[in-house]
Amino acid sequence: MGAPSKQPASTQKGARIGRYEVLADLGSGGMASVHLARIVGPGRFRKLVALKRIHDHLATRQDFVDMFLDEAALAARVSHPNAISVLDFGEADGVWYLAMEYLEGVTLSRLIAASLSYVGARPDAWRASAAVMCRAVGD
């Protein structure tokens, strides 16, 4: 038998956060982690989502909870074809979460890394790549 996971129980595969079932880790930052999860509804209703949850060690600090609440409020106001939608926000058993539309594809960090390796030190190519990305977000 392997060593126990160092992840909090709420982030292990199969764990439940409210009505969401955690399926996999997608990424982590300084304040929160994002997981592939699915909404588990009545009957056979299932929907994949990106579930962002505040790190356990920050969830007890009101200043970080307030920042997470502000982020959720701002993200919910964004409505644009090139931005993912916020589906749900809440707290379940002490775990703050933000459920967002899950979009399968290349991450922005990989896109930027690929662009940098392609354009290298050619500033004109980098400016053109940046302009394309800005138009995609700005449309």
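Modeller: Two strands pair if DSSP finds at least two bridges between them, and the strands themselves (E, at least two residues) are DSSP runs, as are helices (H or I, at least four residues), numbered from the N terminus. The model above is predicted, with local features needing pLDDT of at least 70 and side-chain atom pairs counting only at pLDDT 80 or more, while totals for chains, interfaces and linings use all residues. Residues are numbered from 1 along each chain as its sequence is written, and side-chain values use heavy atoms, with hydrogens and water left out.

Colleague: What is the order of the strands in the open sheet?

Modeller: The six strands of the open sheet are ordered E1-E2-E3-E4-E6-E5, and the pairing is antiparallel. Strand E1 (16-17) and E5 are the edge strands, each pairing on one side only.

Colleague: How many bridges join E3 to E4?

Modeller: E3 and E4 run antiparallel and are joined by nine bridges. As an example to look up, alanine 32 has isoleucine 54 in E4 as its bridge partner. Helix H1 (residues 62-77) packs on the sheet and touches E3, E4, E5 and E6; contact means heavy atoms within 4.5 Å. The direction of H1 makes about 20° with that of E6. Such angles run from 0 to 180 degrees between N-to-C directions, and the axes are lines fitted to C-alpha atoms, for helices over the stretch in contact.

Colleague: Which strands does E6 pair with, and over how many bridges?

Modeller: Strand E4 (residues 46-54) pairs with E6 over five bridges, in the antiparallel sense.

Colleague: Is E6 mostly covered or mostly open?

Modeller: The words come with cut-offs: buried is under 20% relative accessible area, exposed is over 50%, and partly exposed is in between (1.4 Å probe, protein chains only). E6 is mostly covered, with five of its seven residues buried.

Colleague: How many residues lie between E5 and E6 in their hairpin?

Modeller: Two residues lie between E5 and E6 in the hairpin. Aspartate 93 sits in this loop, between strand E5 (86-92) and E6. Aspartate 93 has a positive phi of about 50°, although it is not a glycine. With a relative accessibility of 79%, aspartate 93 counts as exposed.

Colleague: Where does glycine 30 lie?

Modeller: Glycine 30 is in the loop between strand E2 (20-28) and strand E3 (32-40). It counts as exposed because its relative accessibility is 67%. Leaving aside neighbours within four places in sequence, glycine 30 is in contact with His55 and Leu58. From glycine 30 to isoleucine 54 there are 24 residues in sequence and 9.3 Å in space, C-alpha to C-alpha.

Colleague: How many salt bridges does a search of the whole structure find?

Modeller: A salt bridge is a side-chain nitrogen of Lys or Arg within 4 Å of a carboxyl oxygen of Asp or Glu. The search finds four. One of them joins lysine 52 and glutamate 71, with the closest N and O atoms 2.5 Å apart. Lysine 52 lies in strand E4 and glutamate 71 in helix H1, so this pair ties together parts that are 19 residues apart in sequence. Lysine 52 is buried, at 18% relative accessible area, whereas glutamate 71 is partly exposed at 27%.

Colleague: What does arginine 53 meet in a salt bridge?

Modeller: The side chain of arginine 53 meets that of aspartate 56, at 2.6 Å from N to O. Arginine 53 counts as buried, with 2% relative accessibility, and aspartate 56 is partly exposed, with a relative accessible area of 38%. Aspartate 63 and arginine 61 also meet in a salt bridge, at 2.9 Å from N to O. Both ends are partly exposed: aspartate 63 has a relative accessible area of 38% and arginine 61 a relative accessibility of 39%.

Colleague: Which residues make the nonpolar surface patch?

Modeller: Patches are made of residues with over 30% relative accessible area and no salt bridge; like charges are joined within 9 Å, nonpolar side chains (Val, Leu, Ile, Met, Phe, Trp, Tyr) within 5 Å. Accessible areas come from the Shrake-Rupley method with a 1.4 Å probe, and for residues only the protein chains shown count as cover. In this model Val106, Leu108, Leu111, Ile112 and Leu116 make a nonpolar patch of about 460 Å². Valine 106 is in the loop between strand E6 (95-101) and helix H2 (108-119), and at 67% relative accessibility it counts as exposed.
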